[in-house]
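Please look through the sequence and the structure shown below. The report that follows goes through them part by part.

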Amino acid sequence: MIQISQLKKQYKEAVVLDIDSLDIPSGECFGLVGNNGAGKTTLFRIILDLVRASSGYVKINGEDVSKTEAWKAKTGAYLDEHMLLAYLTPDEYFETLRVIYGMSVADLKNHLDRFTELFNDEVLGKKKYIRDLSKGNLKKVGIAAALMGNPEVVLLDEPFENLDPSSQIRLKKLILRETENSRITFLISSHDLNHVTEICERIVLLEKGKVIRDLREKSEMMGELEAYFTG
Ligand SMILES: Nc1ncnc2c1ncn2[C@@H]1O[C@H](COP(=O)(O)OP(=O)(O)OP(=O)(O)O)[C@@H](O)[C@H]1O
């Protein structure tokens, strides 16, 4: 599904990302962890062609993301609130995306129904602008938007950050459900080791832009990560 090869990102002399090779198969729930500045967001931004790599490539379904457009139709993402339209209410925003994605009104309703629990009656029908939402509710809008249009790949940067504990649990359930039902390939970066090891079948650990662990054994993930992060 996603192939990364000889990928390097450099700002002046500083190499902030340096990945020889990374393959993420279709349907995998892929977790990305690492300390502040390790390169997680940079990797996601390169995958989404928001930032150009200094060398190397990222391919989604065989298409180089920096040279083609078709991958965009099957890719959803929420990295931060800059991806939202702050001057709209969430209802207006979802309606705008509905038109862009060519969804029916019923399709949108079905989609948003999947988020009823997560929204907790604080997002829809409130006539509150996106710019006035709390950080947690902004995140919920962004995640629901990222999953619109039947994406095959979804990238979420720190999806649990700013969510209250109930919402974190609801989001975990939602992602697990989506992985099982829709076979979406999720790429999730997180500082929350408990959540990410619970939902992801594979965790890659970045340090100074390099992949230093590629963990696939569920029973060993938490121990390995705790040992690394406690130093
Ligand atoms: N536009 C830029 N110019 C210079 N350096 C940059 C730029 N963008 C990112 N960096 C650097 O690249 C490195 C990786 O940053 P990145 O945001 O990808 O890390 P991260 O793992 O997402 O960190 P965090 O956990 O804090 O979100 C950092 O050292 C950062 O300062």
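## Two asparagines in loops

Asn-150 is partly exposed, because 14 other C-beta atoms lie within 10 Å of its own. The scale behind this word is as follows: a residue is buried if 20 or more other C-beta atoms lie within 10 Å of its own, exposed if 12 or fewer, and partly exposed in between, with C-beta atoms placed from the backbone. Asn-150 is found in the loop between helix 5 and strand 7 (153-157). Its phi is positive, about 50°, although Asn-150 is not a glycine. Helices (H or I, at least four residues) and strands (E, at least two) are DSSP runs, numbered from the N terminus.

Asn-120 also belongs under this heading. Asn-120 lies in the loop between helix 4 (116-119) and helix 5 (135-146). Asn-120 has a positive phi of about 50° and is not a glycine. With 15 other C-beta atoms within 10 Å, Asn-120 is partly exposed.

## Basis of the model

This is a predicted model, in which local features need pLDDT of at least 70 and side-chain atom pairs count only at pLDDT 80 or more, while totals for chains, interfaces and linings use all residues. Residues are numbered from 1 along each chain as its sequence is written.

An open sheet is formed by 6 strands in the order 6-7-8-3-9-10, and the pairing is mixed. Its edge strands, strand 6 (75-78) and strand 10 (210-215), each pair on one side only. From one strand to the next, the twist averages 15°. Two strands pair if DSSP finds at least two bridges between them. Strands of a sheet pair through backbone hydrogen bonds, either parallel or antiparallel.

Strand 6 and strand 7 run parallel and are joined by 4 bridges. Across this pairing, Gly-76 stands opposite Val-154 in strand 7. Helix 5 lies across strand 6 and strand 7, and runs at about 175° to strand 6. Axes are lines fitted to C-alpha atoms, for helices over the stretch in contact, and angles run from 0 to 180 degrees between N-to-C directions. Two residues are in contact if their C-beta atoms, placed from the backbone, lie within 7 Å.

## Strand 3

How many of the residues of strand 3 (residues 29-33) are buried? The count is 5 of its 5 residues, so the strand is mostly covered. In a regular strand the side chains alternate between the two faces of the sheet. From strand 3, Cys-29, Gly-31 and Val-33 point one way, Phe-30 and Leu-32 point the other way, and all are buried.

Strand 3 pairs with strand 8 (residues 185-189) in the parallel sense over 4 bridges, and Leu-32 stands opposite Ser-189 in strand 8. Strand 3 is also joined by 4 bridges to strand 9 (residues 202-207), and these two run parallel. Here Phe-30 stands opposite Arg-202 in strand 9.

## The nonpolar core

A nonpolar core is a set of buried Ala, Val, Leu, Ile, Met, Phe, Trp, Tyr and Cys residues joined through C-beta atoms within 7 Å. The largest one has 60 residues, and Phe-186 and Ile-203 have the most contacts inside it. Helix 5 gives the most to this core, with 5 residues. Not counting residues up to four places away in sequence, Ile-203 touches Gly-31, Val-33, Val-196, Thr-197, Leu-215, Met-221 and Leu-225.

Helix 1 is largely enclosed by the rest of the structure, because 6 of its 8 residues are buried. These are Lys-40, Thr-42, Leu-43, Phe-44, Ile-46 and Ile-47. After helix 1 comes Asp-49, whose phi is positive, near 55°.

Which residues are around the ligand? They are Tyr-11, Val-16, Gly-34, Asn-36, Gly-37, Ala-38, Gly-39, Lys-40, Thr-41 and Thr-42. A residue is near a molecule or strand if its C-beta atom, placed from the backbone, lies within 6 Å of it. Helix 1 (residues 40-47) gives the largest share of this shell, 3 residues. The shell divides into 3 nonpolar, 6 polar and 1 charged. Ala, Val, Leu, Ile, Met, Phe, Trp, Tyr, Cys and Pro count as nonpolar, Asp, Glu, Lys and Arg as charged, and the others, Gly among them, as polar.
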